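Please find below a short note on the structure under review.

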Amino acid sequence: MTWYDTPDAIAREKQLMAAIAERYKCECVDLPNKYIMDALLMRGDKALGFIEIKTRSFASTEYPSMMVNLHKVIAASNLTSATGLKCKLLVEWTDRIGIINFDAEHDVGISRRTDRDDPVDLFAYYPISGFTFGEVKCN
């Protein structure tokens, strides 16, 4: 969850976590904001990995890449270094759901949100072609 999550986005994130838990026969444990990732995937007492969930209001074909704030990529790298567990990014677009490892190949650039008064920031751009699709079904 971030500063900008709406109640609808939070509800959808919870639905996606439930779908992930069912699909992978694990539990999605909500993490405190300080860890940056949304959840830790657990099976019994065994930690499996971390996941960040994004929902988008446009199709996956609208842009050639998925933009993620670089601080999330850095946090994912730090968590993987500290724990040995992978961090994954799951994105729900209007047309499909995709997943990618945070350590996958990506470009880095700058951008800013035009719908808010955010300053310019650093972002990672993951090519849509790098995502695996159809891994998680929801609804």
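1. The model is predicted. The protein chain holds 2 helices and 9 strands, and from the N terminus its elements follow the order α-β-β-β-β-α-β-β-β-β-β. The radius of gyration is 15 Å, close to the 14 Å that the globule rule gives for 139 residues, so the chain is as compact as a globular protein of that length. Along the principal axes, the C-alpha trace extends over about 40 × 35 × 30 Å.

2. Burial, surface and contact range. Of the 139 residues in the protein chain, 40% are buried. The accessible surface amounts to about 8300 Å², and carbon and sulfur atoms account for 54% of that area. Among contacts between residues at least 6 apart in sequence, 57% connect residues at least 24 apart.

3. The largest nonpolar core. In soluble globular proteins, nonpolar side chains tend to be buried together. Here the largest nonpolar core comprises 22 residues, and Met37, Phe50, Met66, Leu89, Phe102, Tyr126 and Phe131 have the most contacts inside it. Two or more residues each are supplied by strand 2 (39–43), strand 4 (65–69), helix 2 (70–83), strand 5 (87–92) and strand 8 (121–127). Helix 2 gives the largest share of this core, with 4 residues. Another core lies apart from it and has 13 residues, including Leu16, Leu41, Ile97 and Ile99.

4. Leucine 89. Beyond residues up to four places away in sequence, leucine 89 touches Glu52, Lys54, Met66, Val68, Gly98, Ile99, Ile100, Phe102, Tyr126 and Phe131. Leucine 89 and asparagine 101, which are 12 residues apart in sequence, have their C-alpha atoms 6.1 Å apart.

5. The cut-off behind both assignments is under 20% relative accessible area. The closest N and O atoms of glutamate 52 and lysine 72 are 3.0 Å apart in their salt bridge. This pair links distant parts of the chain, 20 residues apart: glutamate 52 lies in strand 3 (residues 46–55) and lysine 72 in helix 2. Shared partners join Glu52, Lys54 and Lys72 into one network of salt bridges.

6. A bridge between loops. The side chains of lysine 86 and aspartate 103 form a salt bridge with an N to O distance of 2.7 Å. Lysine 86 sits in the loop between helix 2 and strand 5, and aspartate 103 in the loop between strand 6 (97–101) and strand 7; the two are 17 residues apart. Lysine 86 is partly exposed, with a relative accessible area of 40%.

7. Cysteine 28. Strand 1 contains cysteine 28. The relative accessible area of cysteine 28 is 16%, and the residue is therefore buried. Leaving aside neighbours within four places in sequence, cysteine 28 is in contact with Met17, Ile20, Ala21, Ala39, Leu40 and Leu41.

8. A nonpolar surface patch. Which residues form a nonpolar patch on the surface? They are Val108, Ile110, Val120 and Leu122, which together have about 380 Å² of accessible area. Valine 108 lies in strand 7 (residues 107–111). At 52% relative accessibility valine 108 counts as exposed, because the class begins at over 50%.

Definitions and conventions: Residues are numbered from 1 along each chain as its sequence is written. This is a predicted model: local features need pLDDT of at least 70, side-chain atom pairs count only at pLDDT 80 or more; totals for chains, interfaces and linings use all residues. Side-chain values use heavy atoms; hydrogens and water are left out. Patches are made of residues with over 30% relative accessible area and no salt bridge: like charges are joined within 9 Å, nonpolar side chains (Val, Leu, Ile, Met, Phe, Trp, Tyr) within 5 Å. Accessible areas come from the Shrake-Rupley method with a 1.4 Å probe; for residues, only the protein chains shown count as cover. A salt bridge is a side-chain nitrogen of Lys or Arg within 4 Å of a carboxyl oxygen of Asp or Glu. Buried means under 20% relative accessible area, exposed over 50%, partly exposed in between (1.4 Å probe, protein chains only). A nonpolar core is a set of buried Ala, Val, Leu, Ile, Met, Phe, Trp, Tyr and Cys residues joined through side-chain atoms within 4.5 Å. The radius of gyration is taken over C-alpha atoms; the globule rule is 2.2 Å times the number of residues to the power 0.38. Contact means heavy atoms within 4.5 Å.
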